[in-house]
There are 2 protein chains.
Amino acid sequence: MSESVALEAIAEVRAIDAFRKGFRAHPDQVNAPHSSDAEIVAIGPERWLALTTDALSSEISLGMYQDPYTAGWVLVMANLSDLAAVGARPLGLLNTLSLPPSWEGNVSARLSAGMADAAAAVGTYILGGDLNEAPAPVLSGSAVGWIEGAPLVTRVGVQAGDSLYATRAVGLGNAYATAFLMGHTTVARDIESVYRPVARLAEGLQLRPWVSAMMDGSDGLMTSLDQLARLNGVGWEIEFSSHLLNAQARRFMAGMNHPDWALLCGEHGDYELFFTVPENRQPAFEAACANWDWQPVRVGVASTTPGIRLHADGYAPFSFDGSFVRNLLTNCQGDWRAFVVAFWQYGQAQGLDKVILDTREAGS
Amino acid sequence: MSESVALEAIAEVRAIDAFRKGFRAHPDQVNAPHSSDAEIVAIGPERWLALTTDALSSEISLGMYQDPYTAGWVLVMANLSDLAAVGARPLGLLNTLSLPPSWEGNVSARLSAGMADAAAAVGTYILGGDLNEAPAPVLSGSAVGWIEGAPLVTRVGVQAGDSLYATRAVGLGNAYATAFLMGHTTVARDIESVYRPVARLAEGLQLRPWVSAMMDGSDGLMTSLDQLARLNGVGWEIEFSSHLLNAQARRFMAGMNHPDWALLCGEHGDYELFFTVPENRQPAFEAACANWDWQPVRVGVASTTPGIRLHADGYAPFSFDGSFVRNLLTNCQGDWRAFVVAFWQYGQAQGLDKVILDTREAGS
């Protein structure tokens, strides 16, 4: 594998690999590092435990979530979404919350309400946790779930020719991040009030028998696609059109006079699942879907050519360099303002800000 | 239960209760809040999952652990110790590490080495984790384990007359905290280099059939005893003598000219297990122990009289108010310097600093 398509081209991957260098592998752990949204450990015949941990960090330190209810909601859903991506049924969640004294009272009550409502919304439970004081808030959680019966699903298994889908149209997370980082304070508040992503647990269970690989969109579509491409040695041909876009997100972007491409290419996700269906299984899959109470959104197809190409009607294909965006914050020394400037410049240089996405009915 | 012996007399308990007010209880969760070191969820006949999460907070924000290796080691052992206290076999650990940029490179390599060595020392595994940037370091972890076969052990089940034991003599954690908080920098560094607490997993498994209740000593002996007293409606008669004290800890305290009582009464623990054995089971327990490769340290006996009384040879019993120490940091508005002053004053007022512990052979 060439340098540019290797996992190690991503700074975060190198940091994690360096950190876990001395760790012994569990003999019953099924997944390799980076290759699954949740850790999967065999615990019996056709039975696995799925475990994950996730913290909200920059969203909190930057103050993006104005209402701690949002933080509580997202914390729970972020962890459950990792279980959804491996088709696990949740057993419950634990949380470690390090809160500054200023969060006492109403602030932590809102945080708690967001956590309780999120867990209840998908029928699961917060089993316990740890509550500490810290100079700056850090919210972290973990979730445990079951997988019963084959097939196991991880991020690995994509073949060229596999069709790529999302559980829903995407972009609200990136509209939110755009509004916040570009200083549209009122719009950011409006988006926050409707930004309640839902871990696609039922969908993950339903999809497990059909898919060759699955990954959640916690860091946005392009970041997930870049990771899947590197893990599977494939590239992507993406149908870059408005059918991929959450309609509400599109209206918010239009209101801010920002181009739509950032909804698909930014690093703030919506916790939709992205998954691939093998070519030979696709007709049966499409037929089965017709009876579901939700409809997958077709995103594109896996290709033998490395890299990501965005196909928009009336334009030559755009090459999208996933490593550029994924390494950008590191290359900006963690400065989000610098990130935003460089991110928009990249899109302009690629000509993406001139793409007028087609007028097919937007998702909702 | 009177106000003073109720759980709600403890500020931390009230804070947790307020926070989790809106959470729904899992129908298969066995333990009530506050009543177990780990959350216990039934997953089949005579089979339970034990789950816990624990963060290092003040130790990190105060800079007590100079070597990140210590932080990594303690983070892993703190989580595993909660599994030990319910007699669970660990499946593995997850970690969420929020590190400032200054922790890159050597610092995080030391942290990682401490984590890897701790997991390997007790034969378990770090399954995965989440690595983030944050303005201040926050290290949190979670652990999952199995319990197979009755009886379940929690913090609840103590009857007056039950004998109280510890898995080993205690005090090194409190010697360390004393050295650090009282400004004995060199001594603190010396203690840190030997402070490698071990989660008593094998002992927890061995003890499960014998004990009426068990709790780890993550916050020191008196904090554990106060919690057990409140949960079980009992009091404690404690054999306040040097046999309870780790010999190394005692030498360090002598070197700093600080009295020994703080080794038993401070809030920094050593992750030993404290457990009770019912009166009618005690002879058989003592006989069984004689064949073990470790010997429990007898701490005292549960009593019908609420509160904790310390019995030292040649002195009238001392009353120890667990709620005073447990609420002290909150009452000092989180100021550890003020905590230390008030803590020593409390011991002086009780006459504890004049107690010369007897000369029975110290534990090691």
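Biologist: Is strand β2 of chain A mostly covered or exposed?

Modeller: This is a predicted model, and in it strand β2 of chain A, residues 47-56, is mostly covered. Nine of its 10 residues are buried.

Biologist: Which strands pair with β2(A), and in what sense?

Modeller: Strand β1 of chain A, residues 39-44, pairs with β2(A) in the antiparallel sense over five bridges. Strand β5 of chain A, residues 138-148, also pairs with β2(A) in the antiparallel sense, over 10 bridges.

Biologist: What is the bridge partner of Val41(A) in β2(A)?

Modeller: Val41(A) has Leu49(A) as its bridge partner. For the pairing with β5(A), one can look at Leu56(A), whose bridge partner there is Leu139(A).

Biologist: How many residues lie between the strands in the hairpin of β1(A) and β2(A)?

Modeller: Two residues lie between them. In this hairpin, Glu46(A) takes a positive phi near 55°.

Biologist: Let us turn to the whole chain. How many helices and strands are there in chain A?

Modeller: Chain A contains 14 helices and 12 strands. Of its 364 residues, 53% are buried.

Biologist: What radius of gyration does chain A have, and what would a compact globule have?

Modeller: Chain A has 20 Å, which agrees with the value near 21 Å that a compact globule of 364 residues would have. Along the principal axes, its C-alpha atoms fill a box of roughly 55 × 55 × 45 Å.

Biologist: And what share of the contacts comes from residues 24 or more positions apart?

Modeller: Among contacts in chain A with a separation of 6 or more, such residues account for 83%.

Biologist: Now the other copy. What rotation superposes chain B on chain A?

Modeller: A rotation of 180° does so, with 0.0 Å of shift along its axis and an RMSD of 0.0 Å. The two copies are therefore related as by a two-fold rotation axis. The same surface serves both copies, since 100% of the contact residues of chain B recur in chain A.

Biologist: How many residues of each chain are in contact?

Modeller: The contact involves 46 residues of chain B and 46 residues of chain A. Elements giving two or more residues to the chain B side include α1, β1, β2 and β5 of chain B. The element that gives the most is β4(B), with eight residues.

Biologist: How do the residues on that side divide by type?

Modeller: On the side of chain B that touches chain A, 23 are nonpolar, 18 are polar and five are charged.

How values were computed
Residues numbered from 1 in each chain as written. Chains lettered and ligands numbered in written order. Predicted model: local features only at pLDDT ≥ 70, side-chain atom pairs only at ≥ 80, totals over all residues. Buried ≥ 20, exposed ≤ 12 C-beta atoms within 10 Å, placed from the backbone. Helix = DSSP H or I, 4+ residues; strand = E, 2+ residues; numbered from the N terminus. Pairing = 2+ DSSP bridges. Contact = placed C-beta atoms within 7 Å. Nonpolar A, V, L, I, M, F, W, Y, C, P; charged D, E, K, R; others polar. Rg over C-alpha atoms; globule rule 2.2 N^0.38 Å. Least-squares fit on C-alpha atoms with pLDDT ≥ 70 in both.
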